Amino acid sequence: MVTPNAGYGANAYYDRQSKSLQFYYFDDDNGQRIHTCLSSDIVNHEFGHALLDGIRPYLLEAVSPQTGAFHEFLGDLTAILMTLRNNSFRKELAARTKGHLKTKSGDELIASVATEFGNAVSGQPYLRSAANEHLLGEYKDEIEPHALSEVMTGAMFDIFVALTEQYLKRERNDGETHTPAQSLQYAVAQMQIIAIQALDLLPPVEVTFNDYARAVMRNLAIANPTDPNYYRGMIADIFVHREIMTAEERTDLLARAPLYDRMPGTITHDPELIGSSRAAAYRYLDDNRDKLFIPDHVDIIVDEVFTSEKMVGPGLFQPKQIILQYLWREDLALAGTRFGSFSGKTTSLLCGGTMVFDVNGSLLYWARKPGSEPFATASVAMEKIKSRKKLFGTEQVALAELEAGKQRRQEYLDALARRIEEGMVGEELAGPEGLVGSRTPPLIAREVDGSVRFELSPHFHVYDDDDSSLGALRWQMSS
Ligand SMILES: [Zn+2]
């Protein structure tokens with residue numbers, strides 16, 4: 001549902017309760033009435049939030065700055081891809097840049113072009129935010145999601161620039177080279193495969209930039225195993241440069257490896273049946289808790305299970321994939337003054353995974369967010385360590401998983417404490433005025449079944465930039 005004139009205010013937001021896009025209108029300094037619903041960038045950005053919330057609803061229940069930033073990134077990416085799909089825009093871009101979106105001399109981006117186009121198209125800074133050179137390491141202490149999101153947006157823009165350059169150089173079947181306009185067109189189409197298809201491979205909770213980068217790499221390996229144009233190496237280089245991925249990860253991901261693994265555990269159901277029935281998916285997960293690193297006592301939630309058929313080119317499809325997203329809640333006690341008024345309460349750490357497999361039970365991908373409570377084999381391994389017995393390989397794997405879970409738990413608590421200390425957590429405010437108010441806290445605490453859930457506030461706010469002569473709107477805090 002879309003509410004084009006939701007009320008007065010310099011704002012637009014995606015409201016997850018009603019699954020609707022709400023657009024407000026306001027009067028600018030010159031008394032001009034601005035309808036946010038008339039800006040295609042604002043609409044597309046909000047649509048990106050709605051899309052991601054639709055496929056990964058638990059991402060809003062996260063305190064990690066990168067998860068909020070990932071939501072903003074996807075909003076901006078959607079706006080950028082929609083702009084690039086516009087034929088007249090691409091034509092103009094080709095004419096002005098000849099397809100070279102980045103200058104070779106010095107590594108300065110031709111940000112001026114991006115700025116011009118950003119303004120010409122809509123007065124919105126999306127393309128400007130994409131043409132940046134920020135590295136993730138610069139943002140260690142950044143918790144404002146829009147600022148942090150620029151690293152990921154910049155990396156994807158780099159990939160688009162590199163793809164366009166490749167098409168410019170590559171010979172066509174008739175021996176001619178691609179024109180700038182063609183190169184841009186093909187690069188945009190390739191970006192949809194690279195950037196959007198990868199979303200299916202994201203873990204169900206607490207997505208980080210690295211999770212997305214790995215999903216991009218893996219999706220490409222499945223979609224295009226021979227990779228004749230070396231996209232994967234080129235893309236991995238960009239992720240490493242932006243510090244989203246380590247050089248070791250790059251080496252691992254590019255190493256020759258079998259494309260498939262077997263699905264873990266015992267499969268008593270046809271994988272196709274698992275893909276078509278939540279009950280069958282639940283049975284598979286419940287029957288194989290130990291092999292899936294799931295503790296015995298937790299309630300498993302089947303977040304989503306479906307079959308997907310992805311295009312790799314006009315009329316070309318990948319083999320059918322079954323995507324299974326599952327999760328569980330791990331109770332966390334908040335103790336200590338750093339949790340302020342929440343000390344003494346409990347919250348939950350979301351744990352789980354996304355499995356991608358085919359109808360034959362070959363595992364194509366498995367993204368996991370481990371918990372810190374032991375599952376069967378991890379308990380055995382811990383006992384063995386106490387009595388100084390040698391561990392089997394599976395037990396070592398189990399312990400490593402548990403350790404990763406403990407680290408996640410610690411990071412979650414630290415991130416939450418920091419946000420509480422900085423006064424960024426508040427109660428849910430009722431009514432649209434509460435939602436659009438600039439004072440709405442970025443994290444909202446809600447009590448559910450005696451436990452507190454911290455959720456990114458379901459809106460974002462637009463305000464008049466203080467000194468900008470453009471009177472440009474800038475995105476502030478948001479979900
Ligand atoms: Zn947003």
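How many bridges pair strand β10 with strand β11, and in which sense do they pair? I looked this up in the model, which is predicted. Strand β10 (residues 346-357) and strand β11 (residues 362-369) pair in the antiparallel sense over six bridges.

Entry 1: I next examined the connection. β10 and β11 form a hairpin with four residues between them. Within that turn, Gly-361 has a positive phi of about 85°.

**Entry 2: the pairing of β9.** I then turned to strand β9 (residues 321-333). It pairs with β10 in the antiparallel sense, over 12 bridges. I noted two positions here: Asp-331 has Ser-348 in β10 as its bridge partner, and Leu-324 stands opposite Met-355 in β10. β9 also pairs with strand β6 (residues 301-308), again in the antiparallel sense, over seven bridges. There, Leu-324 in β9 is the bridge partner of Val-305.
I also checked the burial of β10 and found it mostly covered, with 10 of its 12 residues buried. I recall that in a regular strand the side chains alternate between the two faces of the sheet.

**Entry 3: helix α9.** Which residues of helix α9 (residues 231-241) are buried? I found Tyr-231, Ile-235, Ala-236 and Phe-239. Viewed down the axis of α9, these buried residues fall within an arc of 120°, so they line one face of the helix. The spacing recalls a general rule: an α-helix has 3.6 residues a turn, so residues three or four places apart point the same way. I then asked what covers this face, and the list includes α6 (145-169), α8 (209-223) and α10 (247-254). Just after α9, I noted that Glu-243 takes a positive phi of about 70°.

**Entry 4: α2 against α7.** I looked up how helix α2 (residues 65-85) and helix α7 (residues 180-196) are placed. Their axes come within 10 Å and cross at roughly 155°. An angle over 145 degrees counts as roughly antiparallel, and the crossing therefore makes α2 roughly antiparallel to α7. The crossing of the two helices is left-handed. For the contacts, I recorded Leu-77, Leu-81, Leu-84 and Arg-85 on the α2 side. These meet Val-188, Met-191, Gln-192 and Ala-195 in α7.

Entry 5: Glu-206 lies in the loop between α7 and α8.
I located Tyr-230 in the loop between α8 and α9. Tyr-230 has 12 C-beta neighbours inside 10 Å and therefore counts as exposed.

**Entry 6: the chain as a whole.** Finally, I collected totals. The protein chain has 15 helices and 16 strands. Of its 479 residues, 41% count as buried. Among contacts between residues at least 6 apart in sequence, 57% join residues at least 24 apart.

Key:
Residues numbered from 1 in each chain as written. Predicted model: local features only at pLDDT ≥ 70, side-chain atom pairs only at ≥ 80, totals over all residues. Pairing = 2+ DSSP bridges. Buried ≥ 20, exposed ≤ 12 C-beta atoms within 10 Å, placed from the backbone. Contact = placed C-beta atoms within 7 Å. Arc of directions from axis to C-beta. Axes fitted to C-alpha atoms, helices over the stretch in contact; angles between N-to-C directions. Parallel < 35°, antiparallel > 145°, perpendicular 65-115°, else oblique. Left-handed = near helix turned anticlockwise from the far one by under 90°.
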